[in-house]
Amino acid sequence: MALVILFLVDLMLSQYAGVGLSQAGDGHVVYNLIAVLLPINLLALSLLPERGPLTVQGIAHWAAIVIQPAAVIQLFKSRNQDFFGFLDFRVLGDASPAWTDVPDLSFVLFVIAFGILLGRYIWRPDAERNTLAWVIIASFLALTPGFGGLESTTYLATAGLMIIVSVADTSYRLAFQDALTGLPTRRGMYELIYQASHANYTVGMVDVDHFKAFNDKHGHDVGDQVLRMVAAVMAKVGGGGKAFRYGGEEFAVIFPGKKVEQTQEHLEKLRATIAGRVFVIRGPGRPRKKPDIPKQVGKRQALKVSVSIGAADNAFKEHEQPDEVIKAADEALYAAKEAGRNRVRIRAKPKI
């Protein structure tokens with residue numbers, strides 16, 4: 001939708017606004033209308049929740065975007081001098097920037113839009129908010145003819161390229177990075193396995209013990225806290241292992257170039273580290289970031305968390321497929337659970 005908006009702006013600037021934007025005339029009127037609507041549209045797209053292009057909300061967004069060029073042309077044809085004068089009103093007085101032709105109202109809207117996006121990024125950083133803040137700047141420069149010796153189309157194309165790169169980056173992270181724990185997802189795990197399938201590798205399947213009981217007794221928020229804690233420990237696993245979120249309360253560790261016997265020590269250390277942690281349920285007023293000096297707020301409930309681990313490698317039989325290795329690791333995991341949980345079980349190749 002943002003790309004469509006930028007395309008329409010470029011089209012209308014080239015077709016209607018023409019040159020001499022700072023001078024009174026038809027081109028100046030269209031230019032002012034575009035300059036006011038552009039920051040409003042970009043800010044609205046960044047603030048409104050995304051529900052997909054074919055949902056009711058999405059269709060309403062498309063309708064609003066499509067209607068605006070017709071509305072601009074209609075306002076242009078109306079010759080309403082009072083309205084045109086309002087667009088040219090010097091809101092900033094002597095503080096109006098002399099280096100740009102955008103009307104004061106548009107300049108204020110761009111500053112507000114950039115400030116809101118920058119504030120949201122500082123409060124909760126992510127690539128999309130950071131990109132949209134730069135898109136606002138590039139769009140503003142597009143409305144300043146000849147700034148830096150570049151045409152408006154160049155700045156709008158740059159803004160569009162920023163959006164495309166951001167969408168590609170977001171798509172990659174959605175596919176390969178788990179939003180809750182920050183660990184790579186199962187898809188990334190399979191890619192690593194297939195890369196290592198020509199050599200030895202070990203798959204360790206890790207399951208949080210009694211996780212359903214955590215959710216039933218303490219709620220899903222506490223369950224999410226448990227998963228994040230386990231993921232944070234797993235991300236530091238030794239022996240060259242790489243941790244992944246497999247699904248639900250199940251995780252995986254891949255050890256490229258290692259036989260299962262070589263990984264057992266590291267898996268045992270991982271299990272013991274998690275079991276040795278005292279998990280304290282977050283208080284309702286706990287800040288987003290851990291303070292330098294923790295604030296004591298009443299008595300909080302401390303819980304013990306443990307994991308069961310099953311591991312297998314691809315050395316058990318010749319030409320064993322990755323899915324078979326994962327299944328064998330799962331079987332070892334179930335054996336660990338049946339043996340009492342909070343332990344490691346491996347499937348090793350029988351010695352001849």
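**View 1. A nonpolar patch on the surface of the predicted model**. L3, L161, I164 and V165 form this patch. Together, the four side chains' residues expose about 360 Å² of accessible area. Helix α7, residues 152-176, supplies the largest share, three residues. L3 sits in helix α1, which spans residues 2-17.

**View 2. An open sheet of five strands**. The strand order is β2-β3-β1-β6-β7. Pairing within the sheet is mixed. Strands β2 (242-247) and β7 (344-347) form the edges. Each of these edge strands pairs on one side only. From one strand to the next, the twist averages 20 degrees.

**View 3. The pairing of β6 with β7**. Strand β6 covers residues 307-313. Four bridges join β6 to β7. The two strands run parallel. Within this pair, I309 stands opposite V344 of β7.

**View 4. Helix α12 packed on the sheet**. Helix α12 runs through residues 322-338. It touches β1, β2, β3, β6 and β7. The direction of α12 makes about 145 degrees with that of β6.

Technical notes: Residues are numbered from 1 along each chain as its sequence is written. This is a predicted model: local features need pLDDT of at least 70, side-chain atom pairs count only at pLDDT 80 or more; totals for chains, interfaces and linings use all residues. Side-chain values use heavy atoms; hydrogens and water are left out. Two strands pair if DSSP finds at least two bridges between them. Axes are lines fitted to C-alpha atoms, for helices over the stretch in contact, and angles run from 0 to 180 degrees between N-to-C directions. Contact means heavy atoms within 4.5 Å. Patches are made of residues with over 30% relative accessible area and no salt bridge: like charges are joined within 9 Å, nonpolar side chains (Val, Leu, Ile, Met, Phe, Trp, Tyr) within 5 Å. Accessible areas come from the Shrake-Rupley method with a 1.4 Å probe; for residues, only the protein chains shown count as cover.
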